[in-house]
Amino acid sequence: MNRSPASSTDLWSYATLCIVILFWSGNFIVGRAVNGVIPPFTLALVRWSGALAILLPFAWRHLRADRQQLLSHWKAVLLLGLTGVAAFNAFIYSGLQFTTASNGLLLQAAIPALVLLFNRLFFGDRASALQIVGVTLSMLGVAVIVLRGDFAALARLTLNFGDFLVLCGVVCWALYTALLRLRPDCHPASFLTATFLIGAAAVAPFAAMEMAGGASIPLRADVLGAFAYVALFPSLVAYVLYNAAVKNLGAAPAGQMITLMPLFGAGLAALLLGEALFRFHIIGMVLILGGIVLGAVGVQRQLRRINDLNATA
């Protein structure tokens, strides 16, 4: 936690994270919509190879300049590429083949708490009381929306192999968020290119196995549209914005924003599908946003204390 408190770019970072969550909510919907049409590893391969093809012409000059920097930090780059690009998305897409969107969203609400845990385990960062309360409130808000305000539904909630896969993806994303501070000091386009390449290479053998097993991809307009969407918006654009926000805000505040996904998902469903919004959506929204605000305030207070201690040292 070595950044200055309350910089002028903080609000912009939170605004860009809202765009990121909007794109990822759309990705979640697409992942469910093509369930049974596009095999999960094939979708992941198209996503990352497509994003790589779009990015590479713009990143090539930076990639050549940063080649030595990337090679000297190859362990960190490989770890980040495997956790945040390959494993996370492969687990989520695979899990959605067997579980419901509600279960997936509920499990992803654990990401902020896991980020705090990994920050503590790997870097010794202590979460403030406000951060812990904020994360708890946000997770509660997610539960209110996903369970539609009926907490008795928890007793009827069943977990299956798909939920285990989603949980593995959740752990991978929390690791990626916490470990982003290890990325080399190079141009963002160079780092993204390297991690996208690692992600595409890691899922390619599994996609080949799906094709060898008889899977086929119908080249319909909706399928091609899904490919274009996942390659551009939740991949290239979202990762650029998310990595920049983590660098500015820190891992914990950025990771907590993922609790907005069910809220954005409900908004998209209302806008695109005409689904109604209910009181539990409003209650969940208040809890999620209140938790995010408390978490941000807790981080700012910690930073001020650290700066005050450094000033008097």
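His 281 lies in helix α14, residues 279–312. The model is predicted: local features need pLDDT of at least 70, side-chain atom pairs count only at pLDDT 80 or more, and totals for chains, interfaces and linings use all residues. Residue numbers start from 1 along each chain as its sequence is written, and side-chain values use heavy atoms, with hydrogens and water left out.

**Fold and dimensions**

- The protein has 14 helices and 0 strands (DSSP runs numbered from the N terminus; H or I of at least four residues for helices, E of at least two for strands).
- From the N terminus, the order of elements is α-α-α-α-α-α-α-α-α-α-α-α-α-α.
- The radius of gyration is 20 Å, which agrees with the value near 20 Å for a compact globule of 313 residues (taken over C-alpha atoms; the rule is 2.2 Å times the number of residues to the power 0.38).
- The C-alpha trace spans about 65 × 55 × 30 Å along its principal axes.

**Packing, surface and charge**

- Of the 313 residues, 50% are buried.
- Among contacts with a separation of 6 or more, 91% join residues 24 or more positions apart (contact means heavy atoms within 4.5 Å).
- Accessible surface comes to about 14,700 Å², and carbon and sulfur atoms hold 70% of this area (Shrake-Rupley method, 1.4 Å probe; for residues, only the protein chains shown count as cover).
- There are 19 positive and 10 negative charges, and their mean positions are 5 Å apart (Lys and Arg positive, Asp and Glu negative, His and chain ends not counted).
- Each charge is placed at NZ of Lys, CZ of Arg, CG of Asp or CD of Glu.

**Aromatic pairs**

- The count is 19 aromatic pairs (rings of Phe, Tyr and Trp, the last by its six-membered ring, with centres within 6.5 Å; planes under 30 degrees apart are stacked, over 60 edge-to-face, the rest tilted).
- Phe 88 and Trp 173 have ring centres 4.9 Å apart and planes at 40°, so they form a tilted pair.
- This pair links distant parts of the chain: Phe 88 sits in helix α4 (residues 74–95) and Trp 173 in helix α9 (residues 161–179), 85 residues apart.
- Phe 88 is buried at 10% relative accessibility, and Trp 173 is buried at 1%.
- Trp 173 also pairs with Tyr 242: the centres are 5.1 Å apart and the planes at 45°, so this pair is tilted.
- Tyr 242 is buried, at 2% relative accessibility.
- One aromatic cluster is formed by Trp 24, Trp 48, Phe 88, Trp 173, Tyr 176, Phe 196, Tyr 239 and Tyr 242.

**Individual residues**

- Beyond its neighbours within four places in sequence, His 281 is in contact with Ile 145, Leu 263, Ala 266 and Ala 276.
- Arg 148 has phi near 60°, a positive value in a residue other than glycine.
- Arg 148 belongs to the loop between α7 (129–146) and α8 (153–156).
- Arg 148 is exposed, with a relative accessible area of 51%.

Technical notes: Buried < 20%, exposed > 50% of the residue type's maximum accessible area, 1.4 Å probe, protein only.
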